[in-house]
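Here is a friendly briefing to read alongside the model. Please have your viewer open, and follow the topics in order.

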Amino acid sequence: MTSPGFGKNMATTCMVTPGKNKDIRVTESRKLLWELGKVIDIKSISPKVKLFTIETKKPHRIEPGQHFDIKLTSDSGYVAQRSYSVISDSNYTNQFQFGISKITDGEVSKYLHEKLSISQNLLIRGPIGKYFNLNKTTESVILIAGGIGITPFIFYLRQKNYKNKISLIYSAKNQEEFLFKKELENKNKLYENFSLIVTLTKENKQTWKGLDSRINSKILKKTIKNHLGIKTTYFVCGGSNFVENISSKLIKIGIEYQDIKIERFGP
Ligand SMILES: Cc1cc2nc3c(=O)[nH]c(=O)nc-3n(C[C@H](O)[C@H](O)[C@H](O)COP(=O)(O)OP(=O)(O)OC[C@H]3O[C@@H](n4cnc5c(N)ncnc54)[C@H](O)[C@@H]3O)c2cc1C
């Protein structure tokens, strides 16, 4: 239920209403070992986000919604460790992609953006996380992402056959930060069962004629209406404020808390 972390990064995944989970129990942890990962590709996909591809010696079975930890150690022995959602085209692979947003004063993300280069090795461990596993759920889902919170959903959307209804509500700042734009728009054209709802909250109104408000109850209700009568699970991912805000809106609309799964990426 929680992801191991460093400092403020602890315990960022939980059910919406603490204390209401009847199946809560002590975590039975399996010992995950750190292994060397080699950086084989780095690509800028927006002014703030780079896509890092890391290769390990042995392959791992991975599910969308799972993450890996990346550990950095300074010469003095100081250790910083952060979690990153995994993206891949395959469920069994030794190559893992991580879409990482650069936080200006961020310890780890800044280092990865500014210092990490192709062929370097770094310590990673994973895959981690069962709770936000997008494959262990109803066939129909409504995915709600804020900014970099899109990463687990990209992996999920890459391996679906779209036999069931899937909606993605995505809030980004502007066109440049509309991550994986082409890929998402192509899927939207290709699959009748996939609905992409994008809102760009800081885009120039002259060039963007689509939605521009933060995700509100009206947008949520309209999407939920399209899933009427279909058993649906709601996955919400992004910064803490975003996740709190959306999940409380869903609860107010009448969605059962058990049907909402959240992943907080940070404050
Ligand atoms: C399960 C899980 C999956 C994650 N997946 C991803 C992912 O796919 N891509 C990704 O980019 N990040 C992801 N994160 C967030 C990531 O783990 C780090 O928290 C993030 O990279 C910031 O670390 P940092 O060391 O750069 O910043 P820190 O040094 O930890 O923080 C520096 C400052 O930035 C603030 N800050 C920290 N995180 C954020 C944030 N997300 N947004 C805004 N301000 C912030 C802090 O409050 C602090 O003031 C994930 C987190 C979790 C728990």
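Let's start with a pair of helices: α2 and α3 are oblique to each other, a label for angles that are not under 35 degrees (roughly parallel), over 145 (roughly antiparallel) or 65 to 115 (roughly perpendicular). Please keep in mind that this is a predicted model, in which local features need pLDDT of at least 70 and side-chain atom pairs count only at pLDDT 80 or more, while totals for chains, interfaces and linings use all residues. Residues are numbered from 1 along each chain as its sequence is written, and side-chain values use heavy atoms, with hydrogens and water left out.

**The α2 and α3 pair**

- The axes of α2 (151–158) and α3 (residues 181–190) come within 12 Å and cross at roughly 40 degrees; axes here are lines fitted to C-alpha atoms, for helices over the stretch in contact, with angles running from 0 to 180 degrees between N-to-C directions.
- This crossing of α2 and α3 is left-handed, meaning that the near helix is turned anticlockwise from the far one by less than a right angle (clockwise would be right-handed).
- Ile-154, Leu-157 and Arg-158 of α2 meet Glu-183, Leu-184 and Lys-187 of α3, where contact means heavy atoms within 4.5 Å.
- By class, the contact of α2 with α3 has three nonpolar, no polar and three charged residues; Ala, Val, Leu, Ile, Met, Phe, Trp, Tyr, Cys and Pro count as nonpolar, Asp, Glu, Lys and Arg as charged, and the others, Gly among them, as polar.

**The whole chain**

- Five helices and eleven strands make up the secondary structure of the protein; helices (H or I, at least four residues) and strands (E, at least two) are DSSP runs, numbered from the N terminus.
- Of the 267 residues, 48% count as buried, that is, under 20% relative accessible area, with exposed being over 50% and partly exposed in between (1.4 Å probe, protein chains only).
- Among contacts between residues at least 6 apart in sequence, 70% join residues at least 24 apart.

**Helix α4 and its partner α5**

- Helix α4 (residues 217–225) packs against helix α5 (residues 240–253) at an angle of about 60 degrees, with the axes 10 Å apart.
- That angle makes α4 oblique to α5, and the crossing of α4 and α5 is right-handed.
- On the α4 side the contact is made by Ser-217, Leu-220, Lys-221 and Ile-224, and on the α5 side by Lys-249, Leu-250 and Ile-253.
- Sorted by class, the contact of α4 with α5 has four nonpolar, one polar and two charged residues.
- Ile-219, Leu-220, Thr-223 and Ile-224 are the buried residues of α4.
- Those buried residues fall within an arc of 130 degrees seen down the axis of α4, so they line one face of the helix; the arc is that of the directions from the helix axis to the C-beta atoms.
- Lys-218, Lys-222 and Lys-225 are exposed on the other side of α4.
- The buried residues of α4 pack against α5 and the strands β7 (140–146), β8 (166–172), β9 (194–200) and β10 (232–238).

**Helix α1**

- In helix α1 (residues 107–114), the buried residues are Val-108, Ser-109, Leu-112 and His-113.
- Viewed down the axis of α1, they fall within an arc of 125 degrees, so they line one face of the helix.
- Their cover includes β2 (49–61), β3 (67–73), β4 (79–85), β5 (92–101) and β6 (121–128).

**Backbone points to check**

- Most residues other than glycine have a negative phi, and most peptide bonds are trans.
- Gly-126 and Pro-127 are joined by a cis peptide bond, with omega about 0 degrees; Pro-127 lies in strand β6.
- Ser-119, which is not a glycine, has a positive phi of about 85 degrees and sits in the loop between α1 and β6.
- Ser-119 counts as partly exposed, at 46% relative accessibility.
- Tyr-162 has a positive phi too, near 60 degrees, and is found in the loop between α2 and β8.
- Tyr-162 counts as buried, at 6% relative accessibility.

**Residues that meet across the sequence**

- Asn-121, in strand β6, counts as partly exposed at 45% relative accessibility.
- The C-alpha atoms of Asn-121 and Lys-38 are 83 residues apart along the chain but separated by 4.4 Å.
- Leaving aside neighbours within four places in sequence, Asn-121 is in contact with Leu-36, Gly-37 and Lys-38.
- Ile-260, in strand β11 (residues 260–264), counts as buried at 0% relative accessibility.
- Ile-260 and Leu-250 are ten residues apart in sequence and 8.2 Å apart in space, C-alpha to C-alpha.
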